[in-house]
Number of protein chains: 2
Amino acid sequence: MSLRYALLALLSVEPMTGYDLYKEFESSVGHVWHAPDSQIYPELRRMEKDGLLEGEEVVWGQRGKKRQYHITEAGTAAFRDWMNGTLEYSRVRDPAHLKAAYLEWAEPEAAREQMRAHIRHHTAQLEQWREKVREIEQGTSPMLTRRLATLPASEHSKTTAFKKFTYQGLIARAEQEIAWAQQGLALIDELYPAG
Amino acid sequence: MSLRYALLALLSVEPMTGYDLYKEFESSVGHVWHAPDSQIYPELRRMEKDGLLEGEEVVWGQRGKKRQYHITEAGTAAFRDWMNGTLEYSRVRDPAHLKAAYLEWAEPEAAREQMRAHIRHHTAQLEQWREKVREIEQGTSPMLTRRLATLPASEHSKTTAFKKFTYQGLIARAEQEIAWAQQGLALIDELYPAG
DNA sequence: CCCGACATGTAAATGGTTACATGATTGC
DNA sequence: GCAATCATGTAACCATTTACATGTCGGG
């Protein structure tokens with residue numbers, strides 16, 4: 001149910017359309033939470049029905065229209081409650097580590113490729129997250145800039161610090177995953193000396 | 001669809017009943033992949049229908065019976081194919097980091113509690129995984145012992161090494177998460193000096 | 001004889017993915 | 001006029017969770 005709270009987080013800054021939100025999920029929030037448009041539009045309708053949002057039709061061009069949502073009092077309260085409550089941690093479900101545990105079944109070259117794919121995947125994420133930290137530090141993050149504009153100056157350091165802290169955690173995790181996969185490559189070389 | 005392969009991995013060692021597998025998911029494999037009994041039983045039926053497994057009724061006591069599954073040639077091939085193929089990485093969906101990014105919305109004490117919960121969660125996992133590594137090193141892991149018994153001595157080091165490698169990766173990740181949450185606690189103290 | 005472990009499911013709901021479908025607008 | 005982007009959905013499917021349901025066995 002975190003999608004709902006990811007949407008509330010974004011809509012707490014300013015009113016947006018489903019498409020605006022979808023774009024955010026492809027870039028900024030998408031680095032912590034992903035959702036396709038087909039999940040966003042119905043969820044917005046449900047949230048409106050539940051009183052967390054209010055949507056209004058906005059004219060767009062000559063014949064077009066779009067639906068812009070803004071957060072309600074109840075929506076703000078729900079988000080605050082979620083933030084103050086405790087998160088349930090779900091049980092482990094990790095395909096990469098499941099596979100790693102049985103790597104003796106794979107051909108040495110396939111095992112190596114698995115490790116390289118792990119490195120590629122986490123390197124790509126690392127770059128995105130490092131870019132995010134750079135944007136936060138330089139004040140060039142559009143979403144953060146708009147957020148700060150709605151807050152008193154005394155709140156700026158907190159808002160900025162928590163965003164940076166989040167991305168630094170993700171960066172450290174990605175670096176760890178890369179280091180692990182590199183150990184994996186070394187291990188494979190050790191176990192299959194000729195291959 | 002990794003549940004299917006987690007089941008094949010276990011059944012590659014020896015025939016088991018749904019309940020045996022469920023027990024394994026509560027302990028050994030459960031540390032990399034969790035599944036409830038209500039997911040295991042139907043999946044075994046589907047895998048049997050797909051020719052990956054064969055089940056036979058085994059008498060159990062006077063009136064009781066149980067269904068024991070053993071892996072087929074096709075099942076072994078499917079598992080090997082999965083091991084030699086490449087894994088799809090799914091998009092990020094991380095409630096703990098989503099929440100961390102908006103921690104300025106939470107009461108300072110709730111923010112601290114979130115970080116402490118993160119530490120508690122990963123500390124608990126860390127202990128389980130360290131125990132697993134200890135069992136592997138000392139040769140007291142029942143599942144691994146049975147697995148090794150089916151293999152020539154020349155294969156023992158590989159099988160053992162990959163299991164240990166897997167758990168070491170999970171341990172490093174948990175340690176990183178704990179370190180991150182501790183930085184979070186320090187950050188909260190810094191941002192809310194009086195609270 | 002009772003209790004905890006063994007044994008096997010079904011049903012409903014939730015959350016998420018993939019595919020399909022459609023149409024308007026803006027900029028070149 | 002065409003393409004890329006803006007805009008909004010539905011439908012089918014798959015994976016997973018939670019709740020319910022039932023019965024046997026073995027040890028004390």
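**Notes on domains, DNA surface and chain interface**

1. The model is predicted. Across the interface of domain 1 of chain A and domain 2 of chain A, 2 residue pairs are found in polar contact, both residues of each pair being at pLDDT 80 or more. On the side of domain 1 of chain A that touches domain 2 of chain A, the residues divide by class into 4 nonpolar, 3 polar and 2 charged.

2. The two domains concerned are assigned as residues 2-84 (domain 1) and residues 95-191 (domain 2) of chain A. Their contact takes 9 residues from domain 1 of chain A and 9 residues from domain 2 of chain A. The centres of domain 1 and domain 2 of chain A, taken over C-alpha atoms, are separated by 26 Å.

3. Between them, domain 1 and domain 2 of chain A bury about 820 Å², with 62% of that area on carbon and sulfur atoms. On the domain 1 side, the most area is lost to domain 2 by Val13(A), Glu14(A) and His31(A), which together make up 62% of what that side buries.

4. The count of salt bridges between domain 1 of chain A and domain 2 of chain A is 1. A salt bridge joins the side chains of Glu14(A) and Arg146(A), at 2.1 Å from N to O. Glu14(A) is also among the residues of domain 1 that lose the most area to domain 2 of chain A.

5. Which secondary-structure elements each supply at least two residues of the surface near DNA strand D? In chain A they are helix H2 (18-26), helix H3 (37-49) and strand S3 (64-71), and in chain B helix H3 (37-49).

6. Of the atoms of DNA strand D within 4 Å of the protein, 70% belong to sugar or phosphate, and the rest belong to bases. Individual atom pairs involve both kinds of partner. Ser38(B) instead places a polar side-chain atom 2.5 Å from a base oxygen of DNA strand D.

7. The contact between chain A and chain B takes 71 residues from chain A and 70 residues from chain B. The two chains bury about 7,200 Å² between them, 66% of it on carbon and sulfur atoms.

8. Chain A and chain B are linked across their interface by 6 salt bridges. The side chains of Glu177(A) and Arg173(B) meet in a salt bridge at 2.9 Å, N to O. The count of residue pairs in polar contact between chain A and chain B is 32, with both residues at pLDDT 80 or more.

9. On the side of chain A that touches chain B, at least two residues each come from helix H1 (2-11), helix H4 (73-84), helix H5 (95-100), helix H6 (108-138) and helix H8 (153-191) of chain A. H8(A) gives the largest share, 20 residues. By class, this side of chain A has 36 nonpolar, 22 polar and 13 charged residues.

Notes:
Residues numbered from 1 in each chain as written. Chains lettered and ligands numbered in written order. Heavy atoms only, no water. Domains from an automatic or database assignment. Contact = heavy atoms within 4.5 Å. Buried area = accessible area lost by both parts, 1.4 Å probe. Salt bridge = Lys/Arg side-chain N within 4 Å of Asp/Glu carboxyl O. Polar contact = N/O pair within 3.5 Å; in protein donor to acceptor, adjacent residues only side chain to side chain. Nonpolar A, V, L, I, M, F, W, Y, C, P; charged D, E, K, R; others polar. Near = heavy atom within 4 Å. Helix = DSSP H or I, 4+ residues; strand = E, 2+ residues; numbered from the N terminus.
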